[in-house]
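Please prepare a short briefing on the model shown below. Cover the strands, the helices and the aromatic contacts.

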Amino acid sequence: MIITTSGRPDENLIKSAIEIANELDSIFLRRNKRAVDQLKRECDDDILVVGKNRMELHFSDFTEPLFFHPNSAMFRIKRIVKGEDDPFCVACKLEKGSSFLDCTLGLASDSIIASYVVGDKGIVCGIEGSKPLAFLVQTGLYQWKTGLPQLDDAMKRIQVKNREHLAFLKECPDNSFDVIYFDPMFEETIEGSVGLQPLKRIANYSKLTKETITEAKRVASKRIVLKDHWRSSRFAEFQFQVNVRKTAKFHYGVIDLNK
């Protein structure tokens with residue numbers, strides 16, 4: 001992956017991009033007024049563009065860039081504030097002070113909701129297997145300004161770790177999180193999910209295994225939650241109780257460890 005800057009960088013931005021290249025063990029190239037598409041052709045590689053307000057990851061073989069934006073979380077939190085139910089919150093049964101482990105962080109939409117709900121006394125930790133994606137999201141969570149102070153604080157509280165979730169779970173003590181959450185890439189594609197296409201280029205496709213669920217049962221103290229396509233075989237395979245939502249394209253499955 002190549003690291004560069006936005007079109008008209010100052011020296012501080014160049015310095016920041018060089019530091020990011022070192023952190024990601026990547027190569028820094030000065031932009032020199034070249035278009036991103038030109039850089040992709042010249043380097044035949046993915047390009048991370050560092051700007052003053054956000055970073056964009058441009059894939060060598062894909063048109064649309066990937067970048068962090070909490071827009072869906074903002075919309076959902078506004079609904080929660082109005083007293084409306086959020087299916088994710090219903091499935092996880094999070095409350096103030098809860099601890100939550102997101103084993104498939106992605107762009108962190110659900111972890112943002114979790115962090116907002118559990119508050120500053122709670123803990124939210126997100127595991128992401130892709131190093132570029134983990135860095136992109138961690139930076140975005142800390143830097144993004146939504147105009148909603150409570151939401152900004154919630155994003156900053158999320159702990160992002162670049163790990164494989166099974167390896168991380170094996171290192172956790174028994175009952176160290178109240179809720180463990182999985183949102184793996186769906187076995188079937190949902191039509192119309194165009195916005196997820198850039199994410200699919202970089203997502204970690206590690207399979208959910210029996211060993212992973214066994215470790216999750218040891219580490220979670222209250223419940224394990226799986227978000228998946230409504231026709232997914234994983235609900236039955238791992239004995240999740242499905243919260244069926246009529247007309248929804250995905251469901252939440254729950255393993256209640258207090259039963």
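How many bridges join E8 to E9? The count is 5, and the strands E8 and E9 run parallel. This is a predicted model, in which local features need pLDDT of at least 70 and side-chain atom pairs count only at pLDDT 80 or more, while totals for chains, interfaces and linings use all residues. Residues are numbered from 1 along each chain as its sequence is written, and side-chain values use heavy atoms, with hydrogens and water left out.

Helices (H or I, at least four residues) and strands (E, at least two) are DSSP runs, numbered from the N terminus. Two strands pair if DSSP finds at least two bridges between them. Buried means under 20% relative accessible area, exposed over 50%, and partly exposed in between (1.4 Å probe, protein chains only).

- Strands of a sheet pair through backbone hydrogen bonds, either parallel or antiparallel.
- Strand E9 (residues 220-229) is mostly covered, with 8 of its 10 residues buried.
- E9 also pairs with strand E11 (residues 250-256), in the antiparallel sense and over 7 bridges.
- In E11, His251 stands opposite Asp228, and Ile255 stands opposite Ile224.
- Of the 7 residues of E11, 5 are buried, so the strand is largely enclosed by the rest of the structure.
- Strand E10 (residues 241-243) runs antiparallel to E11, joined by 3 bridges; Asn243 has Tyr252 of E11 as its bridge partner.
- E10 and E11 form a hairpin with 6 residues between them, and Thr247 in the turn has a positive phi of about 70°.

- An open sheet of 4 strands has the order E2-E1-E3-E4, with mixed pairing.
- Strand E2 (27-28) and strand E4 (55-58) stand at the edges with a single partner strand each, so one side of each is left without a neighbour in the sheet.
- Strand E1 (residues 2-5) and strand E3 (residues 47-50) run parallel and are joined by 4 bridges; Thr5 has Val50 of E3 as its bridge partner.
- Helix H1 (residues 11-23) packs on this sheet and touches E1, E2, E3 and E4, where contact means heavy atoms within 4.5 Å.
- The direction of H1 makes about 170° with that of E1; axes are lines fitted to C-alpha atoms, for helices over the stretch in contact, and angles run from 0 to 180 degrees between N-to-C directions.

**Helix H6**

- The 13 residues of helix H6 (residues 131-143) should span 18 Å at 1.5 Å a residue, and the end C-alpha atoms are 18 Å apart, which agrees.
- The expected span of a helix is 1.5 Å times one less than its number of residues.
- The buried residues of H6 include Leu133, Phe135, Leu136 and Leu141.

**Aromatic pairs**

- Rings of Phe, Tyr and Trp (its six-membered ring) pair if their centres lie within 6.5 Å; planes under 30 degrees apart count as stacked, over 60 as edge-to-face and the rest as tilted.
- By this rule the count comes to 5 aromatic pairs.
- The rings of Phe68 and Trp144 have centres 6.1 Å apart and planes at 75°, so this pair is edge-to-face.
- Phe68 lies in the loop between E4 and helix H3 (71-81) and Trp144 in the loop between H6 and helix H7 (149-157), so the pair links distant parts of the chain, 76 residues apart.
- Phe68 counts as buried at 3% relative accessibility, and Trp144 counts as buried at 18%.
- Phe100 and Tyr181 form a tilted pair, 5.8 Å centre to centre with 35° between the planes.
- This pair also links distant parts of the chain, with Phe100 in strand E5 (residues 99-102) and Tyr181 in strand E8, 81 residues apart.
- Phe100 and Tyr181 are both buried, and together with Phe88 they form one aromatic cluster.

**Charges over rings**

- A charge sits over a ring if NZ of Lys or CZ of Arg is within 6 Å of the ring centre and within 35 degrees of the ring normal.
- The charged end of Arg54 sits over the ring of Phe67, 3.7 Å from its centre.
- The charged end of Lys227 sits over the ring of Phe250, 4.3 Å from its centre.

**Positive phi in loops**

- Asp44, in the loop between helix H2 (36-43) and E3, has a positive phi near 50° and is exposed, with a relative accessible area of 64%.
- Asn175, in the loop between helix H8 (165-171) and strand E8 (177-182), has a positive phi near 55°.
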